[in-house]
Amino acid sequence: MADEPLVLGIETSCDETGVGIVRGTTLLADAVASSVDTHARFGGVVPEIASRAHLEAMVPTIERALKTAGISARDLDGIAVTAGPGLAGALLVGVSAAKAYAYALNKPLYGVNHLASHICVDQLEHGPLPEPTMALLVSGGHSSLLLAPDITADVRPMGATIDDAAGEAFDKIARVLDLGFPGGPVIDRLAKEGDPKAIAFPRGLSGSRDPAYDFSFSGLKTAVARWIEAKRNAGEEVPVRDVAASFQEAVVDVLTRKAVRACKDEGVDHLMIGGGVAANSRLRALAQERCEKAGIRLRVPRPGLCTDNGAMVAALGAEMVARNRPASDLDLSADSSLPVTDPHVPGAGHSHDHDHVHEVSKENLYP
Ligand code: KG4
Ligand code: ZN
């Protein structure tokens, strides 16, 4: 519908420079420039390199998204940007760019939460989110179970990892197996040819007295690394496919069991899975199986919308506009540890009608 908010979203919290454009819950453009290859030889994301890459990619990626969407920046109803959580320097590049465009175009600015964006993105694929939605967010930086009665204003943490994030565990095990970075996709691929029952790796925090919704992957990581080392020390060949499959099974078994349990306990009949690890084929399959059994509807966006992108930020921004949430101020700061309970960073006042800007002719600031 033409009267739905047209919003551009900018994402720079890690190593992806993402710019998305949505109209309401319709995706018009999703441009992503990744610096992942530059980090690969370091085995992880190097913050300074990521910031520099964002700076170089920002304007071309915005231009590309506008062109794909076939719109002019003047048509936008708002500019949304990831205000946090994430790498401080990387976030700063996106926030600065968003402020510059918002100022130059005299459009409202919405600093939004990266985690809430990972949930909201599913609206682009499966329509409006049911309220409440239970969300399992699993990425390289986060593993959380979140209850979202209203994605623009009310997101409640149910549980989270007490050590490594799920994606981080994939990346570390891939490193031990010399499979390169990032580890998730390659382990996913190799696991398809392995036996998930070959090795009984531990399921973290799964005892009856353990917290029901928290996760722990560091013990699993150590167990897998020790198992591989023992094989190597004995001069035996490491069955990489079986290790990959058994490790992956341990991760997704715990993730899906706890997520389904949270839904049941809270009486929520929808589970959403987001974040880079949601691209995992076994996680998707097992979640589907367990949700069906429990009478829960599963919503998982396609893999390209699970990993970091700008469309998810635009999706949440559009929802903020649609629900008349207050815009952010033009002095919005990046907050590397923005709490998950803050879906966005509302301004103190009337930020988007920055009348003083009219003194300078904005027509000259943006062609
Ligand atoms: O959401 P994302 O793109 O960035 C962060 O916010 O962290 O997630 C990246 C993480 C990496 O740890 C990567 O190994 C993992 O997602 N990942 C996967 C798969 N694809 C990406 N993990 C398991 N299976 C996959 N297919
Ligand atoms: Zn992410």
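The model is predicted. Its largest nonpolar core has 51 residues. Within this core, the residues that touch the most other members are Met-134, Leu-136, Leu-145, Phe-247, Leu-255, Leu-271 and Ile-273. Both strands and helices give two or more residues to the core: the strands are E6 (133-138), E7 (143-150) and E9 (270-274), and the helices are H6 (166-176), H7 (183-191), H8 (218-233), H9 (240-266) and H10 (281-294). Helix H9 supplies the largest share, 13 residues.

Which residues is Leu-255 in contact with, leaving aside its neighbours within four places in sequence? They are Leu-136, Val-138, Ala-166, Phe-215, Phe-217 and Leu-283.

Another core, of 31 residues, lies apart from the largest one. Val-22, Leu-137, Ala-148 and Val-313 are among its members.

Turning to the ligand, 20 residues surround ligand 1. The closest are Gly-140, Asp-171, Asp-188, Gly-276 and Asn-280.

| Residue | Protein atom | Atom of ligand 1 | Distance |
|---|---|---|---|
| Asp-171 | polar side-chain atom | oxygen | 2.7 Å |
| Asp-188 | side-chain N or O atom | nitrogen | 2.9 Å |
| Gly-184 | polar backbone atom | oxygen | 3.0 Å |

Asp-171 and Asp-188 take part through their side chains, whereas Gly-184 takes part through a backbone atom. Taken alone, ligand 1 exposes 550 Å², and the protein buries 89% of that area.

Conventions: Residues numbered from 1 in each chain as written. Chains lettered and ligands numbered in written order. Predicted model: local features only at pLDDT ≥ 70, side-chain atom pairs only at ≥ 80, totals over all residues. Heavy atoms only, no water. Core = buried A, V, L, I, M, F, W, Y, C linked by side-chain atoms within 4.5 Å. Buried < 20%, exposed > 50% of the residue type's maximum accessible area, 1.4 Å probe, protein only. Helix = DSSP H or I, 4+ residues; strand = E, 2+ residues; numbered from the N terminus. Contact = heavy atoms within 4.5 Å. Near = heavy atom within 4 Å. Polar contact = N/O pair within 3.5 Å; in protein donor to acceptor, adjacent residues only side chain to side chain. Areas by Shrake-Rupley, 256 points an atom, 1.4 Å probe, with all protein chains shown as cover.
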